[in-house]
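Me: I have a protein chain on my screen. Please show me how to read it.

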Amino acid sequence: KSADLPIVTADETQMIQLMQNLLSNAIKFRSDNPLEISIGCESSEEEWIFSVADNGIGIDKTDLDRIFVLFSKLNRQKDSTGIGLAICEKIVNRHEGKIWVESVPGQGSTFYFTLPGKI
């Protein structure tokens with residue numbers, strides 16, 4: 001499910017790749033429960049704050065500091081290159097935003113990223 005999303009000034013190809021990577025990870029690192037993914041967006045005074053939340057396996061707190069490091073693979077069991085989230089960070093940085101994750105192991109993860117925009 002998704003909320004109404006704003007129109008932003010950004011590179012379309014890069015935004016597609018960003019969302020594909022985040023959604024792909026939500027699918028890849030799903031739990032045994034039926035998959036749930038939510039996409040949302042909130043506004044602040046100077047930026048849009050997007051979120052992609054899932055009910056997947058989650059990420060341990062000790063791994064959160066390296067989640068966006070190139071070739072960093074947290075789950076060796078899964079078919080992962082360790083490139084996707086590093087690319088996400090580069091895309092968001094190119095658009096003068098920031099990206100982070102909040103997660104609870106066994107309950108899921110929410111990836112947030114910002115894009116500038118006068119609201």
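Here is a short walk through some of its features.

Reply: This is a predicted model, where local features need pLDDT of at least 70, side-chain atom pairs count only at pLDDT 80 or more, and totals for chains, interfaces and linings use all residues. Residues are numbered from 1 along each chain as its sequence is written, and side-chain values use heavy atoms, with hydrogens and water left out.

Me: How many helices and strands are in the chain?

Reply: First, the terms. Helices (H or I, at least four residues) and strands (E, at least two) are DSSP runs, numbered from the N terminus. The chain has 2 helices and 4 strands. Their order from the N terminus is α-β-β-α-β-β.

Me: What share of the residues in the chain is buried?

Reply: Buried means under 20% relative accessible area, exposed means over 50%, and partly exposed lies in between (1.4 Å probe, protein chains only). Here, buried residues make up 38% of the 119 residues.

Me: Which residues of helix H2 are buried?

Reply: H2 covers residues 84–94, and its buried residues are Leu85, Ala86, Cys88, Ile91 and Val92. They pack against helix H1 (12–28), strand S3 (99–104) and strand S4 (108–116). Packing is read from contacts, meaning heavy atoms within 4.5 Å. After H2 comes glutamate 96, with a positive phi near 60°.

Me: How many bridges join S3 to S4?

Reply: Two strands pair if DSSP finds at least two bridges between them. S3 and S4 are joined by 6 bridges and run antiparallel. Opposite glutamate 102 stands threonine 110 in S4. The hairpin of S3 and S4 has 3 residues between the strands, and its glycine 106 has a positive phi near 85°.

Me: Let me try one residue. Where is isoleucine 27 found?

Reply: In helix H1. Isoleucine 27 is partly exposed, with a relative accessible area of 45%.

Me: What is isoleucine 27 in contact with, leaving aside its neighbours within four places in sequence?

Reply: With that exclusion, isoleucine 27 is in contact with Leu35 and Ile37. Distances can also be read between C-alpha atoms. Those of isoleucine 27 and glycine 56 are separated by 8.0 Å, and the two residues are 29 residues apart along the chain.
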